[in-house]
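Hi,

Here is the structure you were waiting for, with a few notes below. Have a look at it first, and then read on.

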Amino acid sequence: MLAVIKLGGSVVTEKTRPYTLREDNINLFADKTRQLYNENIEVVIVHGGGSFGHPTAAKYSLGSSEFSRIKAYGFAETRYWMSYLNLKIIEELLSRGVPAISVQTSAIAQTRNRQLHRFNTEVVNAFLERMLVPVLYGDAVIDVTYGVAILSGDDIAAYLAQELRADVLVYLIGSGGVYDRPPGRPDARLLREIRPSGALPQTSESALDVTGGLRHKLSCAFSAARSGVRVAIGGLTYLREMVLGQDAPYTRVLPE
Ligand SMILES: Nc1ncnc2c1ncn2[C@@H]1O[C@H](COP(=O)(O)OP(=O)(O)OP(=O)(O)O)[C@@H](O)[C@H]1O
Ligand SMILES: C=C(C)CCOP(=O)(O)O
């Protein structure tokens, strides 16, 4: 069984506080991944930018306008912080005996018009065949039209799930699933199912998110679901249930 897990930046970082880790959640994620790995479930991890990638990319407007010398520096700084966050996650996995391997996403992916254009899936597959756990991430990448762009981990996860014919694609987010309205509101209700033909939830997007927040995640999730991958969005607590398709409080993403 193969699971592609998008580990949301809202899970592993404090999104409202720049450059702040949620170490308890990184540890819990590593514990749960060890359990899956020990049960011979193949896992590909893609993590997001959280409060490391988004504020840096926003500071240099990497997702918009013309390329420039200052953007070259912003590109390098964004890559630095994404590598830093990646290493923090890898360290916890390794310390639990999980053979996690960092995959520098910008070295194997490019965009055109800010859409995924080239991606070396073979290298990810080769790591899997050797019982490794590849850990990719949303990243600053070469864009053949605009010079540089930000490629979201949400796109990468949906793409890889389809290309590798994964059994399941899980989006882990800090709010624990998709609610009918922003989860901070007292009357917010967890949606147990969501479909592209239904009403979309009300969302509150953070100004610090340069890749479109929950709305963009849903469009990636729907595209994977339409191609036949089982897709779930939920919190860390129920990672195992989502991977195995068991009933629990999370959101199932349906194809239509
Ligand atoms: N209706 C809603 N249901 C669930 N979450 C919502 C809703 N509206 C807003 N949100 C917010 O969206 C967040 C998840 O989206 P976000 O873009 O932060 O995902 P992420 O993948 O964790 O982040 P990153 O892009 O940094 O990896 C939740 O933690 C929550 O704060
Ligand atoms: C902001 C950066 C560098 C990564 C974006 O990836 P995402 O957080 O998965 O959307």
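**The site of ligand 2**

A polar side-chain atom of Lys6 sits 3.0 Å from an oxygen atom of ligand 2, a polar contact here being a pair of N or O atoms within 3.5 Å; within protein, one must be able to donate a hydrogen and the other to accept it, and residues adjacent in sequence count only if both atoms are side-chain atoms. Before going further: this is a predicted model, in which local features need pLDDT of at least 70 and side-chain atom pairs count only at pLDDT 80 or more, while totals for chains, interfaces and linings use all residues. Residues are numbered from 1 along each chain as its sequence is written, chains are lettered from A and ligands numbered from 1 in the order in which they are written, and side-chain values use heavy atoms, with hydrogens and water left out.

Ligand 2 also has an oxygen atom 2.8 Å from a polar backbone atom of Gly49, and an oxygen atom 2.7 Å from an N or O atom in the side chain of Ser152. On its own ligand 2 has 320 Å² of accessible area, and the protein covers 97% of it (Shrake-Rupley method, 1.4 Å probe; for residues, only the protein chains shown count as cover).

There are 14 residues around ligand 2, and Gly49, His54, Ser152, Gly153 and Thr211 come nearest (near means a heavy atom within 4 Å of a molecule or strand). By class, this shell has 2 nonpolar, 9 polar and 3 charged residues; Ala, Val, Leu, Ile, Met, Phe, Trp, Tyr, Cys and Pro count as nonpolar, Asp, Glu, Lys and Arg as charged, and the others, Gly among them, as polar.

**The site of ligand 1**

Around ligand 1 there are 24 residues, of which Gly9, Ser10, Lys15, Gly50 and Lys217 come nearest. The shell divides into 5 nonpolar, 14 polar and 5 charged residues. An N or O atom in the side chain of Ser10 is 2.5 Å from an oxygen atom of ligand 1, and a polar side-chain atom of Lys217 is 2.5 Å from an oxygen atom of ligand 1. For a nitrogen atom of ligand 1, a backbone N or O atom of Gln202 lies 2.9 Å away. Taken alone, ligand 1 exposes 640 Å², and the protein buries 89% of that.

Which helix gives the largest share of the shell around ligand 1? That is H7, with 3 residues (helices are DSSP runs of H or I, at least four residues, and strands are runs of E, at least two, numbered from the N terminus).

**The sheet**

An open sheet of 8 strands runs in the order S3-S6-S2-S1-S9-S11-S12-S10, with mixed pairing; two strands pair if DSSP finds at least two bridges between them. Strand S3 (100–102) and strand S10 (193–194) are the edge strands, each pairing on one side only. S3 runs parallel to strand S6 (residues 133–137), joined by 3 bridges, and Ile101 has Pro134 as its bridge partner in S6.

Best wishes
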